[in-house]
Amino acid sequence: MSIVPAEAVSARARGAYGARSGDEGGAAPLAPRARLLPALAAVYRAQLSRARVARIPLLFVATFQSVGIMVLMRGVVDGGAEARAVVAGSSVLVVAFVALNLLAQYFGQLRASGGLDHYATLPVPPAAVVLGAAGAYASFTVPGTVVTAVAGSVLFGLPLTHLWVLAAVIPLAGAALAGLGAALGLLAPRQELATLLGQLGMSAALLLGVLPAGRLPGPIAFARDLLPSTYGVEALARTFDFRPHWPTVALDLAVCAAVGVVSLAVATWAYRRAAVR
């Protein structure tokens, strides 16, 4: 009986394995990375289910806070453009509380606890993680924003006819604010700093979004123009007119969408930067 050298057996085994795997070098091909849309849907569903359990009390607080601000402002503002600004700003403030403040805290905690390492091992694009989390947090604000807008309209005697524009304001302002919140949480060197930045961002949305623009000093009014949610507030405020100027509303929404794209792109870059460290 002839003895076959071990080298020959090893070579034949490698050749057979390479033929089965389709790789002449003998290495099995890696599974393809998940496509963006399926991965985005999976992250969105996971984050939304988590938010429903953990964030309902905070959503109640955000809604109660915004309604309380409108009640306080009712003693100062009688109606007109200032009333429209207060109602629109208070409605978008719910989005800022959840999408900016809470998302900054979430990503700051995720980075500090090493949770980003888990996402980094998954075969999903970085954009899917950021967009999925941002979309879930923005979607979570829908009930509170609608309740605040309806309550404010009744309180100040504004028409309810065009509140359907919230279907555009919520996702666009939510994308802009969620991208900003995610970027703050991912770029902050410490979790406590991420929480602080989220709180400051929400305070800016409160002061610059709810107060009528005509009563703000020049430098503060310029800072208001830099706030991502300002254009969503302006678009919603214009729809409280009996005859809204729709081209201007569409322009405000387009600017809000452009700011949202930029902020989400920055958040995706910040995620890649934090995940490799």
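## Largest pocket

Ala 81, Arg 84, Ala 85, Pro 212, Ala 213, Arg 224, Val 233, Glu 234, Ala 237, Arg 238 and Asp 241 line the largest pocket. Helix 4 and helix 11 are the elements that give two or more residues to this lining, and helix 11 supplies the largest share, four residues. Helices here are DSSP runs (H or I, at least four residues), numbered from the N terminus. The model is predicted: local features need pLDDT of at least 70 and side-chain atom pairs pLDDT 80 or more, while totals for chains, interfaces and linings use all residues. Residues are numbered from 1 along each chain as its sequence is written, and side-chain values use heavy atoms, without hydrogens and water.

The largest pocket holds about 190 Å³ of space. A pocket is an open set of points on a 1 Å grid over the protein atoms alone, where a 1.4 Å probe fits, with protein on both sides within 12 Å along at least five of seven lines; lining residues have an atom within 4 Å of a point. The lining residues divide into six nonpolar, no polar and five charged.

## Salt bridges

The whole structure has five salt bridges (a side-chain nitrogen of Lys or Arg within 4 Å of a carboxyl oxygen of Asp or Glu). Arg 84 pairs with Asp 241, with the closest N and O atoms 3.0 Å apart. Arg 84 lies in helix 4 (residues 80-112) and Asp 241 in the loop between helix 11 (230-238) and helix 12 (246-275), so this pair ties together parts 157 residues apart in sequence. Arg 84 is partly exposed at 22% relative accessibility, and Asp 241 is partly exposed at 25% (buried is under 20% relative accessible area, exposed over 50%, partly exposed in between; 1.4 Å probe, protein chains only).

Arg 224 forms a salt bridge with Glu 234, the closest N and O atoms being 2.9 Å apart. Salt bridges with shared partners join Arg 224, Glu 234, Arg 238 and Asp 252 into one network. Arg 224 is buried, at 5% relative accessibility. Another salt bridge links Arg 190 and Glu 192 at 3.7 Å, N to O; Arg 190 is exposed, at 58%.

## Second largest pocket

About 160 Å³ of space lies in the second largest pocket. Its lining includes Leu 131, Val 142, Ile 170 and Leu 264. Helix 6 (126-139) and helix 8 (166-187) each supply at least two lining residues. The lining divides into nine nonpolar, three polar and no charged residues.

Technical notes. Grid points are joined across faces, edges and corners, and a volume is the space filled by probe spheres set on the points. Ala, Val, Leu, Ile, Met, Phe, Trp, Tyr, Cys and Pro count as nonpolar, Asp, Glu, Lys and Arg as charged, and the others, Gly among them, as polar.
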